Amino acid sequence: MINPITRKSYILLCSLDYHQSYRQMSSTTPENSNDAKIIAPYGSWKSPITSDLVSGSDKFLFGISVDCFGHLFWVESRPNESGRLVLVKQGEKEGDEPIDITPKEFCVRSVTHQLQGGAFCISGDTLFFSNYKDQRLYKQSISSKDSTPVPITPDHGTPLVSYADGVFDSRFNRYIAVQEDCRKSSMNSITTIVSINVDNESIQDIAEPEALVAGSDFYAFPRMDPKGERMAWIQWNHPDMPWDRSELWVGYIGDEGEMQKRICVVGGDQMVVESPTQPKWSPQGELFFISDRETGFWNLYKWVESTNLVVPVFQLDAEFARPMWNFGMNSYDFIEDKDQKSLIACSYRMMCSQNGKSYLGILDPVQCTLSPIDLPFTEITMILIQTSGIHCLYIEGASAVDPLSISKVTLDYQKSKAVDFRITWSSSRICSAYKSYFSMPELIEFPTSVPGLSAYAYFYPPSNPIYQANREEKPPLLLKSHGGPTLETRAILNLGVQYWTSRGWAIVDVNYGGSSGYGRRYRERILGQWGIVDVNDCCSCAKFLVDSGKVDGERLCITGESAGGYTTLAALAFTETFKAGASLFGIADLNLLKEEMHKFESHYTDNLVGSGSAYFERSPINFVYQFSCPVILFQGLEDEVVPPDQARRIYTALKEKGLPVALVEYQGEGHGFRKAETIKFTLEQQMVFLARMVGHFDVADEITPIRIDNFD
């Protein structure tokens with residue numbers, strides 16, 4: 001039951017815009033004058049943003065944490081180590097090199113539900129983590145430089161039992177985590193929340209984890225209260241995804257560590273559609289969480305235990321969370337002001353505000369006010385409070401000129417503004433050397449094929465301080481369709497995008513109907529319409545840019561990964577908008593996808609596609625005769641989400657039809673390319689393929705193209 005409150009005013013602080021003051025692009029060199037630029041066709045420009053630079057800097061974060069001493073830790077990918085994930089500790093003093101905690105024979109990665117994140121937890125001096133190769137949980141001292149990880153879960157001989165999203169329970173000295181057991185079936189695995197003994201005297205003493213919560217298809221966010229007396233968690237069942245409908249529960253822990261009484265806080269009422277996420281206990285023992293139950297936007301709520309009521313903490317047409325495609329998401333945390341009053345530091349994004357910018361805000365739950373803090377970042381995804389100081393926090397974020405980074409933010413005593421902002425970790429510290437080549441994203445709103453409905457995208461025009469094209473020429477366009485399909489694209493620095501724009505291509509990254517970031521109503525546009533709404537929106541966006549005079553209508557190309565690869569193939573099969581396409585581990589057969597999908601997404605397509613006939617009617621593989629333009633396909637041979645056979649079937653069919661087509665397969669790659677050499681080769685061959693097919697120009701880079709069937 002919701003206790004209604006009057007929506008409070010949204011407080012905006014009119015302070016200095018850091019992004020404008022600190023990040024303005026210099027244009028003082030002579031070559032920045034149009035009169036001094038070299039005239040050359042779009043797509044043929046030389047650029048220092050090389051494929052080696054892109055592949056080498058393509059590092060990602062897979063979780064951050066702060067220990068009780070205020071030390072920062074993070075998990076980063078290493079493309080040059082075949083994508084190995086390594087836990088790293090910040091240097092002891094400013095300027096010191098970060099310290100690798102993970103030994104070289106280990107990789108901090110869980111495969112639970114095939115999701116990323118949630119693979120480690122730090123408590124005191126002890127690190128708990130999932131090892132990729134065997135999926136066992138290990139513990140390791142982080143104070144000893146040469147500490148060897150010790151297993152705390154049984155060896156089953158195969159990596160079929162995995163753990164994620166764990167927390168340490170200090171009351172009973174045990175580890176609590178989500179366990180997925182695929183020993184009987186990977187398609188119908190058993191998921192539970194388990195407790196794990198961490199004090200085994202020897203490997204022979206390791207016992208099977210004990211189930212605390214069982215019975216639902218999925219679990220996430222097991223979180224203990226400060227006293228270890230209550231545990232909150234999220235659960236959901238087929239056919240829903242966690243962002244469609246889920247439940248928040250609280251269980252009471254007995255004196256022997258057993259689960260006693262449990263209460264469904266929200267989500268149990270079938271008349272209320274909501275998807276609670278990120279439950280978290282405040283230092284005072286109050287339960288907060290995020291839900292989209294009233295406004296259709298993910299806002300903050302609090303559970304009042306004494307009355308079993310749920311009350312809004314703050315309501316705004318903004319997203320304070322995003323779909324749970326990863327474990328361990330953390331978009332808010334608790335912080336105190338100078339009077340030791342509890343406040344909430346949170347990230348949020350208002351719908352279509354200021355070029356899609358997200359904000360760091362300080363929320364006062366008593367006064368019901370939200371004060372945005374100006375920062376250089378325009379995208380903020382994770383927030384952690386530095387426990388050793390009440391004025392510092394770490395955020396994971398980026399901007400149009402800053403790559404994915406971790407920064408330390410120091411606030412004033414009133415928590416009204418940032419007095420210091422320092423980058424602690426960057427996915428590419430050398431990016432700043434190429435700022436003069438960066439194309440700045442422009443948020444565009446374009447009409448869709450449905451009258452009265454608009455969709456959104458980020459447009460990146462060609463940008464190079466040395467070159468320009470003839471005024472009569474329009475640039476070729478590469479349209480990017482994101483994966484998910486309920487993910488979203490953001491206006492942040494992506495060297496993979498700048499690789500294209502600095503060579504004279506225009507890029508548009510589309511948030512078609514069904515994307516997150518715009519509320520539930522926008523997200524649900526795609527329900528029952530996958531392969532229709534996304535395709536139509538991508539075509540409408542391309543047409544909008546042509547009609548606006550920004551791109552060449554005869555050189556429209558499309559690309560996408562995974563679900564974005566499906567949109568790419570569907571657009572090529574069912575429309576004639578694009579002249580060439582590139583699919584990266586894209587879906588060609590919806591029926592085959594449904595039959596072979598892992599458990600987490602095994603019913604995902606039920607809501608996205610709908611009826612059985614639609615599975616056939618929207619599968620590009622069944623309509624190869626309608627393809628009319630060249631296609632290149634890239635596929636990992638260890639892909640368990642989109643099996644390699646799908647790419648092979650579409651390649652064979654297009655080859656037999658006589659269309660220019662190429663297929664590139666990679667040993668040792670799964671769903672999403674991790675190796676630097678794979679990322680480099682894919683980027684180069686995609687560009688050369690599209691240039692040869694639609695270009696009217698020669699690529700400046702020395703790249704040996706692969707053979708194109710029915711063309712070479």
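Author: The largest nonpolar core holds 102 residues, and among these Val508 and Trp530 touch the most other members. A nonpolar core here is a set of buried Ala, Val, Leu, Ile, Met, Phe, Trp, Tyr and Cys residues joined through side-chain atoms within 4.5 Å; buried means under 20% relative accessible area, exposed over 50%, and partly exposed in between, with a 1.4 Å probe and protein chains only. Helix α6 (residues 563–574) gives this core its largest share, seven residues. Helices (H or I, at least four residues) and strands (E, at least two) are DSSP runs, numbered from the N terminus. Because domain 1 (330–429) and domain 2 (441–694) both give residues to the core, it lies between them.

The model is predicted: local features need pLDDT of at least 70 and side-chain atom pairs count only at pLDDT 80 or more, while totals for chains, interfaces and linings use all residues. Residues are numbered from 1 along each chain as its sequence is written, and side-chain values use heavy atoms, with hydrogens and water left out.

Leaving aside residues up to four places away in sequence, Trp530 touches Pro485, Ala563, Tyr566, Thr567, Ile587, Leu590, Leu593, Thr605, Leu608, Val609 and Arg618, where contact means heavy atoms within 4.5 Å.

As for the two domains, their bounds come from an automatic or database domain assignment. The C-alpha centres of domain 1 and domain 2 lie 33 Å apart. Their contact takes 15 residues from domain 1 and 14 residues from domain 2.

Ser540 is placed in helix α5 (residues 533–547) and has a relative accessible area of 14%, so it counts as buried.

Two or more lining residues come from each of β3 (72–78) and β30 (418–426), and β30 supplies the largest share, six residues.
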